[in-house]
Amino acid sequence: MRDALDEAARAAARSEVPVGAVVVREGVVLARAGNLREGLSDPTAHAELLALREAAKALGTWRLEGCRVYVTLEPCAMCAGAMVLARVEACIFGCADPKGGFLGSLGDLSRWPGLNHRFAVVPGVLEADCAAQLRAFFRDVRTAGSKERWPSG
């Protein structure tokens, strides 16, 4: 999770929402990424998706069996769905996302009855550090007067 926090810090330095993700298999880091939605003008450029894509390239297969995804913020429905489709072993996340998280907050795709794959979810790892990073980013955005770019709500 510390590596994911580092990726989130790099994302914040690029004026991206500080979310970082790392994919690990058998103790080896296969991929790491931070959000790139702003930089790529791509609504799907979430840290988790970018890391899953990189891990698939590293392994030469889309099947990420045995892989664990570490992410600083609870994944949204899109990212949680991608983890189901990639057949990851587990997702370990830092802080919950009550407005968009789909591994426990708004629903839980990791255990959705109609889907063909289930995976373990471990919430709250380094939760205080992950939440503090997000709070600091949005505090700085508000202080800088960037409300036009980052509307509240």
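1. In this predicted model, 5 strands form an open sheet with mixed pairing. Their order across the sheet is E2-E1-E3-E4-E5. Strand E2 (28-34) and strand E5 (120-122) are the edge strands, each pairing on one side only. From one strand to the next, the twist averages 15°.

2. Within this sheet, strand E1 (residues 20-25) and strand E3 (residues 67-73) run antiparallel and are joined by 5 bridges. A reader who wishes to locate this pairing may look for valine 23, which stands opposite valine 69 in E3.

3. Helix H1 lies across E1, E2 and E3, and runs at about 145° to E1. Helix H3 (residues 47-59) also lies across E1, E2 and E3; its angle of about 145° is given relative to E2.

4. Helix H1 (residues 2-13) also meets helix H5 (residues 127-143): their axes come within 11 Å and cross at roughly 5°. Angles under 35 degrees count as roughly parallel, and H1 and H5 are therefore roughly parallel to each other.

5. Which residues make the contact between H1 and H5? From H1, they are Arg2, Leu5, Ala8, Ala9 and Ala12; from H5, they are Asp129, Cys130, Gln133 and Phe137. Sorted by class, the contact of H1 with H5 has 6 nonpolar, 1 polar and 2 charged residues.

Methods: Residues are numbered from 1 along each chain as its sequence is written. This is a predicted model: local features need pLDDT of at least 70, side-chain atom pairs count only at pLDDT 80 or more; totals for chains, interfaces and linings use all residues. Side-chain values use heavy atoms; hydrogens and water are left out. Axes are lines fitted to C-alpha atoms, for helices over the stretch in contact, and angles run from 0 to 180 degrees between N-to-C directions. Helices (H or I, at least four residues) and strands (E, at least two) are DSSP runs, numbered from the N terminus. Angles under 35 degrees count as roughly parallel, over 145 as roughly antiparallel, 65 to 115 as roughly perpendicular and the rest as oblique. Contact means heavy atoms within 4.5 Å. Ala, Val, Leu, Ile, Met, Phe, Trp, Tyr, Cys and Pro count as nonpolar, Asp, Glu, Lys and Arg as charged, and the others, Gly among them, as polar. Two strands pair if DSSP finds at least two bridges between them.
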